[in-house]
Protein chains: 2
Amino acid sequence: MAEVHSVRRARLRERCAAAGAAAALVTRPANVQYLTGCAPPGAALLVGPGPADTLVHLRPPPDGTAQPPDELRSIVLPSPDGDAAVAAADLARQQHADGLAVEEHHLTVTRHRALRSVAAGVHLTDLAGSVEQLRLVKDEHEIASLRIAAEISDQALGELLESILVGRTERHLALELERRLVDHGADGAAFPTCVGTGPHSGAARHIPTDRRVEEGDFLSVRLGASYRGYRCEVGRTFVIGSAPAAWQIELYDAVFAAQRAGREALAPGVACRDVDRATRDVLTAAGHTEGLAPWTGHGVGLEIDEDPQLSPAAMGKLDACVPVTVEPGVHLPGRGGVRIDDTLVVRPVADGGPELLTITTKELLAL
Amino acid sequence: MAEVHSVRRARLRERCAAAGAAAALVTRPANVQYLTGCAPPGAALLVGPGPADTLVHLRPPPDGTAQPPDELRSIVLPSPDGDAAVAAADLARQQHADGLAVEEHHLTVTRHRALRSVAAGVHLTDLAGSVEQLRLVKDEHEIASLRIAAEISDQALGELLESILVGRTERHLALELERRLVDHGADGAAFPTCVGTGPHSGAARHIPTDRRVEEGDFLSVRLGASYRGYRCEVGRTFVIGSAPAAWQIELYDAVFAAQRAGREALAPGVACRDVDRATRDVLTAAGHTEGLAPWTGHGVGLEIDEDPQLSPAAMGKLDACVPVTVEPGVHLPGRGGVRIDDTLVVRPVADGGPELLTITTKELLAL
């Protein structure tokens with residue numbers, strides 16, 4: 001595995017060289033993790049100048065968590081109040097780097113000023129989203145972790161469906177799901193679990209409340225495991241009680257058809273906005289123009305919301321081995337709604353098309 | 001309550017005026033929350049120019065969560081991909097603010113550049129930690145919330161002590177504690193609950209593992225509730241089994257004495273570093289010079305780790321109505337250790353001295 005990270009750093013080094021920077025300073029935690037396999041809080045990674053890379057951190061990672069790979073020079077700052085990025089910039093200066101590319105989208109103005117001051121004489125440039133770009137297409141190790149994360153999420157959700165739901169609060173159901181994720185081997189929840197009942201169901205962003213599940217409710221659940229740092233999500237909507245009402249069946253069918261259209265549109269070379277359009281058109285054709293979220297999916301990986309974005313204004317095309325969510329939803333104020341959310345990996349048709357990672361049934365279950 | 005927030009904004013306006021800035025742009029979430037009572041993700045608060053303040057956000061806060069106060073102008077951006085800070089800076093320009101103080105310790109270089117570009121002609125200055133300074137001394141509303149957060153934390157911890165512990169893993173105990181916090185009315189955990197058993201006990205920063213509680217172990221627990229946004233912490237160390245070993249009693253007594261010394265040192269006007277020294281000196285006198293954390297306490301409030309810091313290099317003095325933790329610990333590699341952690345409010349002697357918020361017993365319990 002250590003080799004994986006050094007290959008990734010070599011690719012970053014090439015990009016920097018092409019842009020005229022002798023070295024790069026990486027501070028965004030998910031980027032540090034991608035390039036080293038570990039992300040101790042506050043760590044900064046200096047890639048170059050030259051062939052040696054250095055991880056500067058405030059204290060060694062706790063035992064039992066991922067450690068920096070052996071080939072990486074590792075420096076622990078004497079004072080935990082120090083700034084690892086400042087120390088790394090100072091190191092770049094001592095090593096006579098003439099240019100240093102830094103993550104201006106992550107560094108605050110105050111920290112950037114401190115870097116400039118310690119690395120006087122080193123020309124600071126913007127690394128921008130170079131590491132995020134490298135992270136877009138996943139290797140099979142990464143996809144294997146996502147696959148396990150999805151399996152854990154499906155298990156936790158499946159167990160919930162077998163339990164009594166009526167009378168329990170959204171907050172309790174959310175906590176129970178998070179406990180089950182850990183029971184099944186997750187590092188933790190990939191994001192705060194969302195449970196919405198009745199009028200709260202189907203909302204794109206809902207914070208679980210003390211509302212209890214009632215007969216006749218829609219119940220929307222969205223959860224995901226983090227496994228070895230990789231995060232996935234699965235979302236389903238159920239009906240509570242004996243039989244769904246006519247409006248519930250109709251709404252569910254529309255969202256289900258939209259989600260299927262989005263899944264089927266996933267292929268290498270397809271524009272991200274076209275996937276969004278495929279999903280969204282089904283909803284608008286069914287008369288749902290209000291209450292749609294401004295996106296219908298997004299990339300996942302070391303962060304739960306990564307590029308690519310599946311939205312009307314998204315630029316760029318999908319590649320093979322890019323994991324994304326497809327998650328349309330409709331929320332009718334005062335009544336509730338439906339969201340259906342899967343994590344899939346884009347694959348060419350020759351390889352069987354998109355790989356569905358979250359396999360919990362998408363039938364409308366009456367629980 | 002709305003009045004509380006407008007008084008806070010008036011104080012900030014005075015500070016800005018004194019520094020020559022006609023308006024302030026607040027983006028750090030805890031600062032926005034302090035000044036408005038709500039903190040929708042991505043929101044930005046424009047204080048001034050003139051008497052009117054504006055909260056710009058990406059979408060309205062979900063129903064059931066805190067809403068912006070009525071007297072505050074509230075603007076929802078048309079696109080959720082927008083940057084509320086950029087929109088607020090543009091508003092400052094339209095209102096002919098000649099100077100705008102921004103939070104350079106929170107804004108990234110990239111966002112700051114976007115602000116500069118949209119607010120061309122407006123002189124941008126650094127608001128620095130002005131709002132954090134205002135947040136240091138808490139009013140009685142804030143302390144009342146902390147008091148409830150502490151009560152919830154004590155309840156969750158108390159219930160854990162009544163359950164069977166041997167054989168359960170650190171991760172499960174941590175999850176159970178977090179569930180109990182919510183059961184008792186917390187918004188959620190104030191920080192990730194820390195449970196360390198045996199060789200993991202007493203470590204300042206430990207991430208719960210699958211290690212199970214065994215007879216003879218030290219068990220360290222550190223948890224805290226968040227209530228109405230206010231966060232407290234309580235930490236205790238127990239012994240598992242019939243009777244503690246001699247080394248365990250000795251170590252516990254040393255940490256207990258250090259923690260008491262720190263608590264007793266808390267008073268208005270006392271230098272923060274002197275509180276740290278009072279705590280630390282007891283440990284070093286007992287021969288514990290290795291494995292001490294670089295701080296022995298810190299402020300709490302809307303964030304779990306705020307100013308003041310209680311550490312050897314800390315500047316400044318304590319004030320009345322400042323809530324802090326006192327949390328010394330000793331960790332012996334391979335054997336484990338002890339941490340004892342309380343949240344207290346600094347009060348003058350005339351008012352009875354420091355107010356202990358977390359009242360769980362600090363006797364060495366054998367569970």
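## Polar contacts between the chains

Between chain B and chain A, 14 residue pairs are in polar contact, both residues being at pLDDT 80 or more. A polar contact is a pair of N or O atoms within 3.5 Å; within protein, one must be able to donate a hydrogen and the other to accept it, and residues adjacent in sequence count only if both atoms are side-chain atoms. On the side of chain B that touches chain A, the elements giving two or more residues are α4 (109-118) and α7 (170-183) of chain B. Helix α7(B) supplies the largest share, six residues. Helices (H or I, at least four residues) and strands (E, at least two) are DSSP runs, numbered from the N terminus.

The model is predicted: local features need pLDDT of at least 70, side-chain atom pairs count only at pLDDT 80 or more, and totals for chains, interfaces and linings use all residues. Residues are numbered from 1 along each chain as its sequence is written, chains are lettered from A and ligands numbered from 1 in the order in which they are written, and side-chain values use heavy atoms, with hydrogens and water left out.

## Extent of the interface

Contact (heavy atoms within 4.5 Å) involves 26 residues of chain B and 26 residues of chain A. The buried area between the two chains is about 2300 Å², with carbon and sulfur atoms giving 59%; this is the accessible area (1.4 Å probe) that two parts lose on being put together, summed over both.

Two salt bridges are counted between chain B and chain A, a salt bridge being a side-chain nitrogen of Lys or Arg within 4 Å of a carboxyl oxygen of Asp or Glu. B:Arg113 forms a salt bridge with A:Glu104, and their closest N and O atoms are 2.1 Å apart.

## The second largest pocket

The second largest pocket holds about 240 Å³ of space. A pocket is, on a 1 Å grid over the protein atoms alone, an open set of points where a 1.4 Å probe fits, with protein on both sides within 12 Å along at least five of seven lines; lining residues have an atom within 4 Å of a point. Of its 14 lining residues, the closest to the centre are A:Leu136, A:Cys272, A:Asp307, A:Pro308 and A:Met315.

Strand β14 (residues 306-310) of chain A gives the most to this lining, with three residues. A:Pro308 lies in that strand, and a cis peptide bond joins A:Asp307 and A:Pro308, with omega about -5°.

## Other backbone features

A cis peptide bond also joins A:Gly48 and A:Pro49, with omega about -5°. A:Pro49 is found in the loop between β2 (44-47) and β3 (53-57) of chain A.

Technical notes
Grid points are joined across faces, edges and corners, and a volume is the space filled by probe spheres set on the points.
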